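Visitor: I'd like to talk through the charged and aromatic side-chain contacts in this one. Can we put it on screen and go pair by pair?

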Amino acid sequence: MHSQKAVLLARQAGSPQAVFGLARFLAAVPTGSQQTAGISTSSTAHAAEAAPAAAAAAAVGPAELPAGFPADLAAATEGPAALYTERVRSGLYRPDALQQVTVSRLQTVYQDLREAYPPPQRRSGLTLVDHVETKQTRSSWFDGISMLLRSQSGLQGSAGPHGQRFHVRGLYMYGGVGCGKTMLMDMLVEAAPREFQVLALDELFVTDVADAMILHRLFGRLWDKGLTLVGTSNRAPDALYEGGLQRQLFLPFIHRLKESCYIHNMQSPVDYRRLAHHARGTYFLTPDRTALLHEAFLQAGQASLKHNSSIQGASAGAVGHPSPVTIEVAMGRLLHVSQALGSAAMFSFAELCDRPLAAADYIALAERFHTVAVADVPRFDAANRVTAYRFITLVDILYEARVRLLISGDGTPFELFNKVLSQQEARSLDSRAHESSSGSGPEPVVDDHLAFTKDRTISRLTEMQSIEYQIQHAKQHVPQLVLALKDMQLQQQQQR
């Protein structure tokens, strides 16, 4: 008889009926596989990203755990605590005190499950041939639930000293969006061996009276059979189906939920999805572009202070407000930065490109800040040819360092360089068209080298606005945002 996959995961936002209905199509794995069954597409994407992201983070992330990191998590050798510790150490996850409390709760559930479902005993080599499975079958998590409901004895865990069966209490995590509920629950699923018997249910909420009745009856039977539930929701148990029709009939489910699960509030002031959203972007063209740029700069700087981003040199803006700093440049020179906040800096275009600065200054800037905001970038013509060269050098250096560049400008990247022409382009224009383009406006700059490099700069400015570039930036400078940005990228692809 084939062993039934035990770890079950239904990951789909919506009503319970929607969850249980859509969970049927989640990819089931062969029972002979060494992987956990039922991990959803979202969870699989996280797991796939974790390894390369951790490798990339290792180069820039902390080699040691931050001060104050819980000793019990650091000492864990298996389970979600071990995974979390490894990813904080590598820089993939940012340290978060509230999340650490949640990981500790998940580790308790993991250890209780380990006690209830110890690893199966290996057969000796002499008898192993009698237990080789010759047929691979596929089974879904829904099949496991159905088998459990039909069984007479419930789940078969290990027995206590007096023959009693363990009933492992689960965990119900609730809190606002972006606080990390799903990510942390995924770690339990990733860490769980195949003998564990637990249902992980994401984004539980109830809006329909029929769903409310189904939940009460279904989970009542599952808990009677010994199933362990680990779930997430945006609502506290007492707020589920609040104000719903005939809610009094749903109250027994809430009571049973509190008995069967530890209730854990994950409400956090940090929304990691919002941080990832603010890490996007960045080219402002509207009339209020300067104000929008300044707001984006403040968000980036405050986030880097709030979440312990690595800051070299002086403590810029230590109280959460921009302040001037001076950074060292090669050959002992100094570069003055009028507005610095954490790992972000803001300049006017004139400050960076209308002064006698060179590549060494921009390299020092890229080494000190992972986000640079530049206000009031003009359109280039014969009058500001030198500043165009400096701007191109700045963009090249920031691009190579994967620095996030925020810009407010007088036009799109293409429009900024519309008046920059090569000799051949200038000759190919007929005299009337040339007069039309130069007589009523700024004179074009005819410069073969500038015209050649402008195409690269336009391309790079365009790429630096993309989600793909923001992911590269995060991997190198803020690896804690990689997973959230990947989720956003997946959502964009699904919407196309």
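Visitor: How far apart are the closest N and O atoms of Asp238 and Lys258?
Guide: Keep in mind that this is a predicted model. Asp238 sits in the loop between β4 and α9, while Lys258 is in helix α9, 20 residues apart. The two form a salt bridge, and their closest N and O atoms are 2.7 Å apart.

Visitor: Is Asp238 buried, partly exposed or exposed?
Guide: Buried would need under 20% relative accessible area, and exposed over 50%. Asp238 comes out at 47%, so the label is partly exposed.

Visitor: Arg385 has a salt-bridge partner too; which residue is it, and is that partner buried or exposed?
Guide: Start from Arg385 in helix α14 and look 62 residues along, in the loop between β13 and α18. The closest N and O atoms of the pair are 2.8 Å apart, and the partner is Asp447. Arg385 is partly exposed at 36%. With a relative accessibility of 8%, under the 20% cut-off, Asp447 counts as buried.

Visitor: Which parts does the Arg456 and Asp396 pair tie together?
Guide: This is a salt bridge with its closest N and O atoms 2.5 Å apart. Arg456 is partly exposed at 30%, whereas Asp396 is buried at 15%. The residues are 60 apart in sequence, so the pair ties together helix α18 and helix α14.

Visitor: Which residues join Asp396 and Arg456 in one network?
Guide: Salt bridges that share partners build this network. Besides Asp396 and Arg456, the members are Glu400 and Arg460.

Visitor: On to the rings: is the Tyr172 and Tyr174 pair stacked, edge-to-face or tilted?
Guide: Both tyrosines are buried. Their ring centres are 6.4 Å apart, and pairing asks for within 6.5 Å.

Visitor: Which arginine lies over the face of Tyr262?
Guide: Two arginines to look at here: Arg402 lies over the face of Tyr399, at 4.6 Å from the ring centre. For Tyr262, the distance to the ring centre is 4.4 Å, and the residue is Arg169.

Key. Residues numbered from 1 in each chain as written. Predicted model: local features only at pLDDT ≥ 70, side-chain atom pairs only at ≥ 80, totals over all residues. Heavy atoms only, no water. Phe/Tyr/Trp six-rings, centres within 6.5 Å; stacked < 30°, edge-to-face > 60°. Buried < 20%, exposed > 50% of the residue type's maximum accessible area, 1.4 Å probe, protein only. Lys NZ or Arg CZ within 6 Å of the ring centre and 35° of its normal. Salt bridge = Lys/Arg side-chain N within 4 Å of Asp/Glu carboxyl O. Helix = DSSP H or I, 4+ residues; strand = E, 2+ residues; numbered from the N terminus.
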